[in-house]
Amino acid sequence: VQDPGAVQDLRGRRIVVTAGGTREPLDPVRFLGNRSSGKQGVALAERAKARGAEVTLIAAHLDVAAPEGVRLVEAGTTEELRTAALAAASVADVVIMAAAVADFRPAEVQHVKIKKDQVGERLTLELVANPDILVELAATTPPEVTVVGFAAETAASREELLELGRRKIGRKGCDYLVLNTVGWSEGFAQDRNTVVVLDRLGDIVGEASGSKMSVADAILDVIA
Ligand code: CTP
Ligand code: CA
């Protein structure tokens with residue numbers, strides 16, 4: 001047990017956490033991906049477990065080890081993550097979409113490596129939109145299931161971050177949206193994080209700054 005002294009306020013709750021970043025294959029050796037390390041999602045899984053929850057961690061290319069004592073499901077692409085998340089959500093009390101999901105994937109996956117001499121000086125890739133898993137979860141899970149989304153924005157100010165977040169939660173239909181700011185050197189792969197949690201109305205219901213573990217506890221406090 002990671003933290004035997006932890007308050008057991010999530011005892012018996014079934015919590016699904018997606019973490020990491022999905023990758024979309026382009027050919028057998030290349031993919032389109034993003035810079036998510038999975039650290040915040042893994043911290044959520046670890047703290048939820050320590051607080052008594054039964055945790056399913058749906059992991060997309062984590063840079064860090066998964067915590068012990070959670071059910072681990074590996075998902076590489078967005079479609080794999082979607083299938084795993086919908087299945088796990090059907091028997092969950094809470095679903096937390098911390099994963100960074102690729103918005104687009106190559107329209108065609110080449111089954112032979114793309115060769116420079118067949119392309120020339122410019123290569124145009126056609127991409128198609130991926131399904132929005134969070135929207136689908138929010139629309140299909142029963143109302144008693146708590147659905148939590150994340151949004152990492154390149155906002156220049158707190159006001160802009162809140163404005164982007166309020167617009168996003170309206171579009172997504174989830175119960176809570178965890179907002180943070182990202183940039184070239186901010187957010188990704190760091191051990192610390194700063195977040196604001198919005199409810200459906202766009203009201204601030206939580207705020208935290210510190211280690212990704214302490215931020216995970218603050219997010220779980222809102223959910224609990
Ligand atoms: N998400 C998802 N499926 C997608 C894209 C995003 O489930 N195809 C989820 C993410 O896991 C996150 C939330 O939606 O919890 C917000 O992701 P974000 O990328 O911020 O939102 P988008 O709607 O993709 O908007 P944009 O990237 O244009 O800001
Ligand atoms: Ca996106």
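In the predicted model, a network of salt bridges links Asp9, Arg47, Arg51, Asp217 and Asp221. The structure holds 14 salt bridges, among them a pairing of Arg14 with Asp93 in which the closest N and O atoms are 3.6 Å apart. This pair links distant parts of the chain, since Arg14 belongs to strand S1 (residues 14–20) whereas Asp93 lies in the loop between helix H2 (78–89) and S6, 79 residues apart; Arg14 itself is partly exposed, with a relative accessible area of 36%.

Within helix H2, Glu79 and Arg82 are 3 residues apart and are therefore separated by about one helical turn, and their side chains meet in a salt bridge with an N to O distance of 3.0 Å. Glu79 is partly exposed at 40% relative accessibility, and Arg82 is likewise partly exposed, at 22%. A further salt bridge joins the side chains of Glu153 and Lys168 at 2.6 Å, N to O, and connects distant parts of the chain, with Glu153 in strand S9 (residues 146–153) and Lys168 in helix H4 (residues 158–172), 15 residues apart. Glu153 counts as buried at 12% relative accessibility, as does Lys168 at 18%.

The loop between strand S6 (94–97) and strand S7 (104–106) contains Ala98, and Asp103 is found in the loop between S6 and S7 as well. Ala98 is buried, with a relative accessible area of 16%, and, leaving aside neighbours within four places in sequence, is in contact with Thr18, Ala19, Gly41, Leu44 and Phe150. Ala98 and Gln40 are 58 residues apart in sequence, yet their C-alpha atoms are 7.3 Å apart in space. Asp103 coordinates the calcium ion (ligand 2) through OD atoms, at 2.4 to 2.5 Å.

Conventions
Residues numbered from 1 in each chain as written. Chains lettered and ligands numbered in written order. Predicted model: local features only at pLDDT ≥ 70, side-chain atom pairs only at ≥ 80, totals over all residues. Heavy atoms only, no water. Helix = DSSP H or I, 4+ residues; strand = E, 2+ residues; numbered from the N terminus. Buried < 20%, exposed > 50% of the residue type's maximum accessible area, 1.4 Å probe, protein only. Contact = heavy atoms within 4.5 Å. Donors = N, O, S within 2.8 Å, 3.2 Å for Na, K, Ca; no water. Salt bridge = Lys/Arg side-chain N within 4 Å of Asp/Glu carboxyl O.
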